[in-house]
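Here are a few friendly notes to read alongside the model. Please keep the structure open as you go through the points.

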Amino acid sequence: MKKFGFLVALSASAFATPQVAAQPADQFFAHMSTLCGKSLNGKLAAGDDSDASFATAKMQAHVRTCTDREIQISFDVGEDRSRTWIITRTDNGLRLKHRHMLKDGIEDPVSQYGGDTAQAGTAKRQEFPADAYSKAMFTKEGRTVSNSNIWAFEIAPRQTLTYELARPNRLFRVAFDLANPVAGVAE
């Protein structure tokens, strides 16, 4: 009888689903998902002279829409509420897109730019180099300097969420305070 019990246990283990280790992009997405429904105050952490308006403006991120495949974060700079970051799961990692709207509610011609993760990244940082669509749009709009853009999000749980734009001779970073979310639901 002992042999029979051993054989049953052995055959059951053969059909068990193996545990797959979570990929860094999945871990990062899970960290970002914990922010759903929160509004966060931000401040300029790195910039240059072209970012002077960001240094003095009230900046807030509102994590408004979260599903198991997508997170949308509205980024307000002063009264300008035209920006939304969209992070989407892909088969190979994550995608970041920037949606910009004009004051009349029409999508800006410079919108939907971003890229897919090209490397695994970490559970706390993901980078998104400019994709072919973005490069073509930037070229069409006379903004070829942006063709080498690499955007990133970095999260230090319960501390900061940082958005970054980097390219040669350019670094722009905004850090959002996770320790003190804005009271109320993200609007």
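**Notes on the predicted model**

1. Let's begin in the core. The largest nonpolar core has 34 residues, and M32, F153, L161 and F176 touch the most other members. Such a core is a set of buried Ala, Val, Leu, Ile, Met, Phe, Trp, Tyr and Cys residues joined through side-chain atoms within 4.5 Å. Buried means under 20% relative accessible area, exposed over 50%, and partly exposed in between (1.4 Å probe, protein chains only). Leaving aside neighbours within four places in sequence, the contacts of L161 (heavy atoms within 4.5 Å) include M32, F153 and F176.

2. A word on how to read this. The model is predicted, so local features need pLDDT of at least 70, side-chain atom pairs count only at pLDDT 80 or more, and totals for chains, interfaces and linings use all residues. Residues are numbered from 1 along each chain as its sequence is written, and side-chain values use heavy atoms, with hydrogens and water left out.

3. Where is confidence lowest in the chain? The lowest mean pLDDT (the predictor's confidence in each residue, from 0 to 100) is 49, in helix α1 (residues 2-14), while strand β7 (residues 125-129) has the highest, at 98. Over residues 4-13, pLDDT stays under 50 and the model has zero contacts beyond four places in sequence. Where pLDDT is low, the predicted coordinates should not be read in detail.

4. The chain has four helices and ten strands; these are DSSP runs numbered from the N terminus, helices being H or I of at least four residues and strands E of at least two.

5. Do look at helix α4 (residues 132-140), where S134, M137 and F138 are buried. Seen down the axis of α4, its buried residues fall within an arc of 100° (taken from the directions from the helix axis to the C-beta atoms), so they line one face of the helix. They pack against β5 (94-100), β6 (113-116) and β8 (150-156). A132 and K140, on the other side of α4, are exposed.

6. Finally, the charges: there are twelve salt bridges, each a side-chain nitrogen of Lys or Arg within 4 Å of a carboxyl oxygen of Asp or Glu. One of them joins D51 and R170, with the closest N and O atoms 2.7 Å apart. D51 lies in the loop between β1 (39-46) and α3 (52-56) and R170 in strand β10 (residues 170-177), so the pair ties together parts 119 residues apart in sequence. D51 counts as buried at 2% relative accessibility, and R170 counts as buried at 15%.
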